Amino acid sequence: MTNPCSNCPRTTRARNTPAGAGARHYVTVDAALCQGLRQLAKTSGATLFTVLLSAFNVLLYRLSGQTDLRVGVPVANRTRVETEGLIGCFINTLVMRCEVNGRQPFSELLANVNETRRKALEYQELPFERLVQALEPERHLSHSPLFQVMFNLIDDQAPRRLQLPGLQIEEIEREQMTAHYDLVLNVVERNDQLEVCFTYNSDLFDHATIVGHGRSFGTLLQGLVHAPLQHIGQLPIRSAQAQQQVLADCQVSLALAPLPELVHLRLAAQAAPNPRQHALIHDEQQW
């Protein structure tokens, strides 16, 4: 997927350098909606990861109009006994392809994503670099190969502060960061809620645009929980009030030229003041 949102406001800086400035935006999914998502996963024979990844694909489709999406997904890559106890980073990246049709129900897309995830895990030990070498995609310094959007779900029930004898540890988020991808959606399960973080390249996206995408994602999650059989193209991504505002803004900005008068109306207007005279002469025939 080369452009997660073709209609998003962008800055004028050319995309000819790798990794731009990054920023984050957080959205919280409350416990009730989180429980609804888990129940949807259970009844669909899927996982919460698959439900959220499917919803993310729907959001990307609705925002960009692209029907062939590729999202990067990190995996721990500790499938061997000899690596389970080792300290270090063994993370690998899988590329999840999703073909979207606006007329298909969300339940069908969810089943497809679940099957794609199952097959991808069979090859999770294949290094991402080897995959790139084998496929030989066209390379650009401006973005990573094969995908530019990433998704990750983390189950983190550990406290944010760790208490040790004589030592207090607290997580501190860096204010300045670098975006290695155009857009990354990280979801953390914590205290029966979901903490959703949009990490984005601020050279490509305005903050207000990402804030709007965060609201759209929350509205979409609500919609698919209540109507998982709804067609993807009909799932809500805006509240009713926001949808009305969009329509109102379109009507105000649309300059409508006066419509030409229809022929039969002109004939009637011509005949009205002089009903006994000819209204039309064509090929020497009079009406």
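Contact here means heavy atoms within 4.5 Å. This is a predicted model, so to speak of local features I need pLDDT of at least 70, side-chain atom pairs count only at pLDDT 80 or more, and totals for chains, interfaces and linings use all residues. Residues are numbered from 1 along each chain as its sequence is written, and side-chain values use heavy atoms, with hydrogens and water left out.

Start with Phe 56. Not counting residues up to four places away in sequence, Phe 56 touches Val 71, Val 149, Met 150, Phe 151, Leu 183, Leu 185 and Phe 217.

Now the cores. A nonpolar core is a set of buried Ala, Val, Leu, Ile, Met, Phe, Trp, Tyr and Cys residues joined through side-chain atoms within 4.5 Å; buried means under 20% relative accessible area, exposed over 50%, and partly exposed in between, with a 1.4 Å probe and protein chains only. The largest nonpolar core has 53 residues, and those touching the most other members are Leu 37, Leu 52, Phe 56, Phe 151, Phe 217, Leu 221 and Leu 224. Helix 2 gives the most to this core, with 12 residues. Another core, of six residues, lies apart from it and includes Phe 128, Val 132, Phe 147 and Val 184.

Helices (H or I, at least four residues) and strands (E, at least two) are DSSP runs, numbered from the N terminus. Helix 2 covers residues 48–64 and also holds Asn 57. Is Asn 57 buried or exposed? Asn 57 is buried, because its relative accessibility is 2%. Leaving aside neighbours within four places in sequence, its contacts are Leu 69, Val 71, Cys 98 and Val 113.

Next, the sheet. Two strands pair if DSSP finds at least two bridges between them. The sheet is open, with seven strands in the order 3-2-4-8-9-1-7 and mixed pairing. Strand 3 (92–99) and strand 7 (177–179) stand at the edges with a single partner strand each, so one side of each has no neighbour in the sheet.

Strand 8 (residues 183–190) is largely enclosed by the rest of the structure, because seven of its eight residues are buried. Strand 4 (residues 149–155) runs parallel to strand 8, joined by seven bridges. In this pair, Val 149 stands opposite Leu 183, and Asn 152 has Asn 186 as its bridge partner. Strand 9 (residues 193–201) is antiparallel to strand 8, with eight bridges, and Val 188 stands opposite Glu 195. These two strands form a hairpin with two residues between them, and Asn 191 in the turn has a positive phi of about 55°.
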